[in-house]
Each structure stands twice: as C-alpha cells, then as structure tokens.
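Here is a short briefing to read alongside the model. Take a look first, and then we can go through a few local features together.

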Amino acid sequence: MTALDHPAHPENPVNPATPAATLILIRDTADGPPLIFMQKRAKTMGFAAGMMVFPGGKVDDDDRALAADSGLTERLGEADAAARIAAIRESFEEAGVLLTAGPDLSPDMLARTAPQIADRSLDFARFLADHDQRIDADRLVPWSRWCPPVRLENKRFDARFYLARVKDDLGASHDGTEAVSSLWTTAVDALASADRGEGKVIFPTRRNLERLAQFDDAEAVVAHARAHEPRLIAPEIRDIDGRPHLTIPDDLGYPVTAEALEGAMRG
C-alpha cells in the first residue's frame, strides 16, 4: 500500500477529501477565561447542519490563486497558504470579520461587502486590491488538522484549523444564510451548553473545545498551539471496555481522546 492509498490519506482515490479551513477567533476578557466565537449553522446546510461551529468552509481555486499571487505559497506551501486565505475569506463572509492589514474600512462597508464576496458577485482578491488590504496570514496560528478515513465518512473534509487572537469582538456576527445565530462564549460554557442539549457539536468541535477549555487566557492558548505542530488527525473506531469508541491519538494536546460511538455526533 502506498501512502496515497492509505484510508486516512486526504487524497485517497477511493474518496478524496475536500480541502477546508476553519478559524477560531479568540479574545481575552477582563476577569475570566478567553472567549471564542461560534456560530450555529443553518439546518439546510449539507454538512454539520444545525450544529455549533467555528467559521470556515472549503478552499477554492481563487484562494489558491491569491495565495500564489501574494507570495504565501512559496513561503508556506500551497495547501497551508490556500487554507489560510480560505479561513480569512470565510470569516469575512460568515462573520463579517476581515483579518487583513491596511487602511481601516467602515463597518457599513464591510457589512455591505461580505454578502457580495459570499455570493461571488465580487471577487475577494479584487476587493482587497481596490481597498489596499493585505492578507495577514501570519496572524493565523496553526491549531490542528482533521480528516476522517475513507471508511468512516462518505463526505470527507481535510480541515485545517487556525487560531486568530483579536482584541475585541470586531462586530462578529452571522450571515443569516449559512449561519443563523452566533455568540462569543467560553469553551467551558460551550461544552456545558452542548451537554444540556442547547447547542449540538460534532466530534472534532467537541474535542477542540475541550482542548481550548484547558487555558485561562488567549496567550496560553497560542503558546500551546505553537508547541504542538499540527499532525493529521484521522479518528478511528476502537473497542474500549467492550464498547466501540471514536478515538484520536493521545499525544496532540487533547485532554479527551475517546468518546462512545453511540454518543459521538458526526457531520
């Protein structure tokens, strides 16, 4: 078996995974653990419908082109560079948060422009160039990378997760189409809400919330991320005490690495 034929390989020819990117916006509070931004996906969505998620979506050809044109591909490699572009674009489309460097843009302009970027009536690269905005890819800190094996999911995504530390809420909201509600919350509160049945989270989101919940401030989260270079996580089903569990490796910074299969939510 070649590496490409391995069932967990994102490019396995039996069912190749779609590249995707997710952005975890995180900010400190005056007296408590850091807040993270989450959205509830519309029930009409084809993946993670009705679930609480971090902003994100598929990497497209325009993301790859912008990554190459901005010199990021040469510096970071095509997959990482394009995923960072996608994470920044998707956070703008879905949450109205534009993580670029350049002259300040008015909230009204951003609110008008985000839907145009989302429906592709306005090219993202052209918008950035017209308003002297530059991609601030280094603001994104790699957090993790998830891709299920072929046998586990029919719809596979090779999802790269990034952290972005922000000073305030940046007017983060939801687009009303892909995301129908949003909030800033602590990881602990998000988990408690999910446990009460108020907001459902899929297996990777729960594991990432548990990992985030270990820290008392955003700086510690970022330091932890930098100390754990992302390695591809391919969840596996294993028998634990006579019951099937969905599991991940135990050396990647996650405090919980197994969940009973009957209770694990998947996309």
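How many cavities of 30 Å³ or more does the count come to? The count comes to one cavity of 30 Å³ or more. This is a predicted model, where local features need pLDDT of at least 70, side-chain atom pairs count only at pLDDT 80 or more, and totals for chains, interfaces and linings use all residues. Residues are numbered from 1 along each chain as its sequence is written, and side-chain values use heavy atoms, without hydrogens and water.

**The cavity**
- A cavity is a set of points on a 1 Å grid over the protein atoms alone where a 1.4 Å probe fits but cannot get out, and lining residues have an atom within 4 Å of a point.
- The largest cavity holds about 50 Å³ of space.
- Its lining includes W143, S144, R211, H228 and Y254.

**Helix α8**
- Buried residues (under 20% relative accessible area, 1.4 Å probe, protein chains only; exposed is over 50%) in α8 (residues 218-227) are A218, V221, V222, H224 and A225.
- Seen down the axis of α8, these fall within an arc of 160 degrees (taken from the directions from the axis to the C-beta atoms), so they line one face of the helix.
- E219, R226 and A227 are exposed on the other side of α8.
- Among the elements covering the buried residues of α8 are β1 (18-27) and α7 (203-212).

**Around G50**
- G50 sits in the loop between β2 (35-41) and β3 (52-53) and is buried, at a relative accessible area of 14%.
- Beyond its neighbours within four places in sequence, G50 is in contact (heavy atoms within 4.5 Å) with K40, R41, A42 and K43.

Conventions: 1 Å grid on protein atoms, 1.4 Å probe; cavity = no way out; pocket = protein on both sides within 12 Å on 5 of 7 lines; lining within 4 Å. Points joined across faces, edges and corners; volume = space filled by probe spheres on them. Helix = DSSP H or I, 4+ residues; strand = E, 2+ residues; numbered from the N terminus.
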